Amino acid sequence: MKRVLAFLLLVAIGSLLVWWAAGDEQPVDAKGGGDGAAVESPPRQAPQPGVVPVKQGTTEIGIAVSGALELRAPGRRERVGDRVLEHRAYELRCRDSRPLGDGRQQLDDADMLIFDRGRPAARLTAKTALVELGRDQNGSPSLRQDKHVQLRDAVLAAEPGARSGPFRLEGGQIRARLADDAIVLETERPTDPVTLVVGGERPASMRGLGLEARMTRDSDGAVVQVEIAILQQPRIEAQAIAVAAQGRMLWVEQVRAGTALLTVDRDVLVTMRSGAAMAGKALAAATVRGDHLSGWLRRERLAAPTPGERARESATWRLLRIEGQPVRVQAEGLDLATQRLTVVPGSSGQPWLFAAGGASNTLTQTDPRTGRAATFSTSRRLHLVLPGERIGAAMASFGFPRSALRPLYDTRIAVFAGETQADVGDGTSLTASRGLHVFKTEGSEALAARGFGIVHVERAAAGNDEQLVLDGNDGLWLLRGAGGETLRLGPPDLAAANSATHQYVLQHGDLRVTGSGVCRLERDPAGRSFAHLRAPTPAITVRSGTDPFELTNVDRLDLRTDGKRIDDLTAGGPPLRVAAARDDWRLTAAATEIRKIGPHAWRLQPATAIGAVAVDPEHVLPGLDFMRRRQDGSAESVALRAPGIEIHAVGHRLALLDAIGSTAAAVSLRGTVQRDPGAPVSKIAATAARVRFVPFAITPLALAAHGAGLPRGLAMVVHRTAALPWLLADQVQELQIEDSDHGVITGHGERLVVAAGADAGLVAGDPESLRPAEVRRRGAGGREVVAHGARVRFQRAEERLVVLPTFPGRSNFLIPDVELRGGGASSSAWTDLRAHCRGEIEVLPDAVAFRGPVTAQGLLPDGSADPAGLQIATEQLELRRNARTGEVQRLLATGDVRLDWPRIRARCRELEIDLAWQRCIVRDPIGAEVWLPDGQYFRSRHLEANYTTLSVDSYDGRFEQRPAVAEKVR
């Protein structure tokens, strides 16, 4: 465009103005010499050859001549002191001339040399010229200024060293009129071609059909306004811009102000090239199409590059406006449609700012490698900025290499005012109520966008990724590159002043998040989405439909999801709340932090800090409540409090709970079980290092497969134990199971297993330290059983205890023992006792069986050994009891039996004591030995004795009377 301006200035100043206008330079003394020097006005000269002047009175008659002709026209006169100086205007020569009548003269091969400040400035040549000759004030022949000069094949070119710089104007048929107030040029026909070429450092050219030019002069003869019009098909080419149109081009310049206006009409096409080239290759051009073009320019004087040289003038355009329905701007990867476009140039003349205005403005940017297009539209103003043409050009002038400035030239900045809609090309669209700024790198996927006001973002579902919808009330940032994209709503961090007022809603598939503060989303090249949310107050809420849960009271959240499922999640709050529900169960929890640790697994854990305040994790332990009610009316509930709680969803309707303690805090468990509607509720409480609640031992599908074709309901009945929940605990410090019908069970041990389906449990000891498990059972009437062993099995309903001496998979052996408490006072020696057995011990309501070598000792009420109580050692022992009172009614012993009791002492192979009949029966093939308190001694293979009346029935034996001295059984 600058070349166009230079051309207009050269036409206005360097050519036509210099032809006939009077100069404004200082007078030059005639003594200076030279052909072009100003000379002192001489007396009237003799007529030129070929012209014969004739005067009669006041009438002057010119006689036309033929042949070669030479005219020298004086210019403006100026008095300096006592001298009058006259500046030469032009010299005209022609090879031949002849009169045509009516005062017109035809000049062949006309050659006019035009002077500027006394020096040759331009040369006008023409094949033929039709002129009217007159005489100047000195009586010399000259061209008549009030008549047209017709030129054929005219060429106007600047002389070497001219102030205007090199230029060349060519026209087929041109008419010129020279008047005192104006100079007018026009072509004979509106279809005559016209060409102007301006050389120098910034060459330019103008072509078209038809010319109308007018140079208006003031009273001193100086040109004050220049108007040049090309009537049809103007073509303007400069270093950085080319303009083509079908209509009229008009140039209007105010010479003194140095400003000009250029207008072009109808089918305007503007081609704008970048001012930079990389690796020898020019950057891509931008084209603008419209109906009307207006350009504002300014002419300035440039300082001389070196001392002694003339100062030069330069014309630069300041503003360019194009209007149309629509105006279309196109470049590599860029398409802009608007009704009115304003272009602002940079320091070197290349456009750097495009301002679009109108009812509808649409910008489309396309990645040439992928073909993906991003479209932006607004009903308000749109600005497109090319920083390379302004900042890059300025830095290049300081010597920065073009290669280092490539990022500036590749950058495109679009600024949208008012409500803006955008489609960024991958199914993502956004709306910003108060405008949008877009930063795009040409030839790459890099893109940055900043939205203002209320924003709405949508990303369509693609592949495994569900639809994403975002709404916020305080703007957004979008960054996209080869490594993925980042979308931020609202402030960058919580320190920002607007963090408390920013509200947002995130909907990704079935996941919905609402909150305030910071909202940042990231997407990697694989399509995985990450969300990072921070709130100044616990105002974040998360709801999921696929994984049916709700998080509330959250102040920080990090998650990764595809909209269908959550792959990763970390949330914190002071504390946050968790709620989840499915068909027949509901779970609620509270923790300062929750994390997703698997596809269907979550972990509740304490945070080390809440905000900027450090806390003791053990003082903010997570808590969880789980409740399940089945269709058959059975139900159970679990309440956990532990440093870490894991929730594992098993199938669609079930959940596995895993609570993990720490060195400073153990797991606290509280649970209830109701087996049938209306049945009593059993309670369980435990303190352990780890507690797991398992909804089944075998999955429902596996049960159906093992059911051998049985209906699912019948298979569940057959395999009830495996189908119903289990409770597992490690390092049990305290266990308590309470039942209104069956008493209370307490205990501790290394392992605990409780099966709801079997209504039973197991407490195991530690195989490493050989620390036994302990189970206490207190029933009705105050009776109590205390069992110690490697493992202790118990059943709630049957009031059964089984004490085992071995650990599963281990060779370790631990001698079990039991204590029996309570019962009738008359039989306390048998009811309160402690027994150690090297085999299994089974305790039932109506019996106690020792299946191995056993020793038993009667106890006092305080639990100490009773010196007058029962002492027995045998290989097998069974105590039969009253199921209601727990009183021992019968004792059966086999093997090497040794009984030591104040009422009777015995040694035999078989022993039976019937407490109801106060009878003792002994058997031994080799002879049993019996001692009574009165000193009677019996040895017999079969003997029956009443230990109260001391009556004895002996079979095949012998009797001795000994002193009544208590003897221990040896």
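This is a predicted model: local features need pLDDT of at least 70, side-chain atom pairs count only at pLDDT 80 or more; totals for chains, interfaces and linings use all residues.
A residue is called buried here when its relative accessible area is under 20%, exposed when that area is over 50%, and partly exposed in between, using a 1.4 Å probe and protein chains only.

Residues are numbered from 1 along each chain as its sequence is written, and side-chain values use heavy atoms, leaving out hydrogens and water.

A search of the whole structure finds 6 aromatic pairs, where rings of Phe, Tyr and Trp (its six-membered ring) pair if their centres lie within 6.5 Å, and planes under 30 degrees apart count as stacked, over 60 as edge-to-face and the rest as tilted. Among them is the tilted pair of Phe626 and Phe693, with 5.6 Å from centre to centre and 55° between the planes. This pair links distant parts of the chain, 67 residues apart: Phe626 belongs to strand β49 (residues 623–629) and Phe693 to strand β54 (residues 682–694). Strands, like helices, are DSSP runs numbered from the N terminus (E, at least two residues, for strands; H or I, at least four, for helices).

Another place to look for buried side chains is strand β16 (residues 241–244), which is covered on both faces. Ile241 and Val243 are buried on one side, and Ala242 and Ala244 are buried on the other. β16 pairs with strand β18 (residues 259–272) in the antiparallel sense over 4 bridges; two strands pair if DSSP finds at least two bridges between them. In β18, Leu269 stands opposite Ala244.

Now for the backbone. Most residues other than glycine have a negative phi, and most peptide bonds are trans. Asn553 has a positive phi, near 60°; it lies in strand β42 (residues 549–554) and is partly exposed, at 27% relative accessible area. Leu770 also has a positive phi near 60°, but its place is in the loop between β57 (760–764) and β58 (773–778). Leu770 is partly exposed too, at 36%.

One joins Gln325 and Pro326, with omega about -5°, and Pro326 is found in strand β22 (residues 312–331). The other runs from Pro574 to Pro575, with omega near -5°, and Pro575 is found in strand β44 (residues 566–581).
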